[in-house]
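Dear colleague,

I am handing over the structure below, and after it I set out what was found in it. Please read the notes with the structure open beside them.

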Amino acid sequence: MSKFSSITVSIEQSPGKDGAWQEHQKADVIETALSLYGNEAATAAAYCALDAWAERRRSDYHFWFDVFLQLKRRPT
């Protein structure tokens, strides 16, 4: 999802390394996804999770899958 590329992550702060950072980053990512994709935000997050899974980036996969789940649970 190229539109998420504006969200920068340093190597020291990757989704799987810092729980407090991860929760803060998830909130930002969810807001960004909703503003960019609206009702399709969960689908966009699912594609990010699939990309991470296919590239064997386990911590990124878990991050994006959790974002997907949170977006999917939101009332429409």
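Which residues do ring pairs link into a cluster? They are Tyr-61, Phe-65 and Phe-68, where rings of Phe, Tyr and Trp (its six-membered ring) pair if their centres lie within 6.5 Å, and planes under 30 degrees apart count as stacked, over 60 as edge-to-face and the rest as tilted.

This is a predicted model, in which local features need pLDDT of at least 70 and side-chain atom pairs count only at pLDDT 80 or more, while totals for chains, interfaces and linings use all residues. Residues are numbered from 1 along each chain as its sequence is written, and side-chain values use heavy atoms, with hydrogens and water left out.

Tyr-61 and Phe-65 form a stacked pair, 5.8 Å centre to centre with 20° between the planes, and both lie in helix 3, four residues apart (helices are DSSP runs of H or I with at least four residues, numbered from the N terminus). Tyr-61 is partly exposed, at 24% relative accessible area, and Phe-65 is partly exposed at 35% (buried means under 20%, exposed over 50%, partly exposed in between, with a 1.4 Å probe and protein chains only). The rings of Phe-65 and Phe-68 have centres 5.9 Å apart and planes at 35°, so this pair is tilted.

Best wishes

How values were computed. Helices (H or I, at least four residues) and strands (E, at least two) are DSSP runs, numbered from the N terminus.
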